[in-house]
Amino acid sequence: MKLQIHTSYSIANIFVITSLVLLLIYGADVALKNFYTVGFIPLDTITRGIIFGGIAVALSIIAFIISIREKSFFVSTLLIINGIIMIIGGLVIAFNIINSSQNALLISIVSGIIVTSLGISKKVGFRNITSGKNTLTQH
């Protein structure tokens, strides 16, 4: 049981770090493409969003699921950071700082809220592995 918990914790860390890296690469490419009309990722907007944004969201959610029964300051903090980056991306679209579609705005904001909520819920409430009791409900 101990080996499995440690392994899932490590995998969750790897997933949440990979998600952060994907989001940072995606954001840097969007900024370059908007200001210099050419980015460093040779993909169209939809493909780039699916690969870098979609996979980042999926990895964040998987990291949460994998580590759901463990208290992890690292995973919860990076989930919150990833979600905030997504929300900032949506706000950048909303204030017309970059050119994008309404769908990208909605997807970015909703994804960011979901990932941030997962991070907050992981930070606030978790299941105690040894007792199986929910630490949110104190009697």
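The residues of α4 that are buried are Leu105, Ser108, Ser111, Gly112, Val115, Thr116, Leu118, Gly119 and Lys122. This is a predicted model, in which local features need pLDDT of at least 70 and side-chain atom pairs count only at pLDDT 80 or more, while totals for chains, interfaces and linings use all residues. Residues are numbered from 1 along each chain as its sequence is written, and side-chain values use heavy atoms, leaving out hydrogens and water.

Helix α4 has 23 residues and spans 33 Å from its first C-alpha to its last, close to the expected 33 Å, which is 1.5 Å times one less than the number of residues. Helices here are DSSP runs of H or I with at least four residues, numbered from the N terminus.

Two packed helices are described by the angle between their axes and the distance between the axes. For α2 (residues 45–66) and α4 (residues 102–124), the angle is about 20 degrees and the axes are 10 Å apart. The two helices are therefore roughly parallel, a term for angles under 35 degrees. From α2, the contact (heavy atoms within 4.5 Å) involves Val57, Ser60, Ile61 and Phe64, and from α4 it involves Ser111, Val115, Leu118, Ser121 and Lys122.

Proline 42 is exposed, with a relative accessible area of 78%, where exposed means over 50%. Its C-alpha atom lies 9.7 Å from that of aspartate 29, 13 residues away along the chain.

Note on methods. Axes fitted to C-alpha atoms, helices over the stretch in contact; angles between N-to-C directions. Parallel < 35°, antiparallel > 145°, perpendicular 65-115°, else oblique. Buried < 20%, exposed > 50% of the residue type's maximum accessible area, 1.4 Å probe, protein only.
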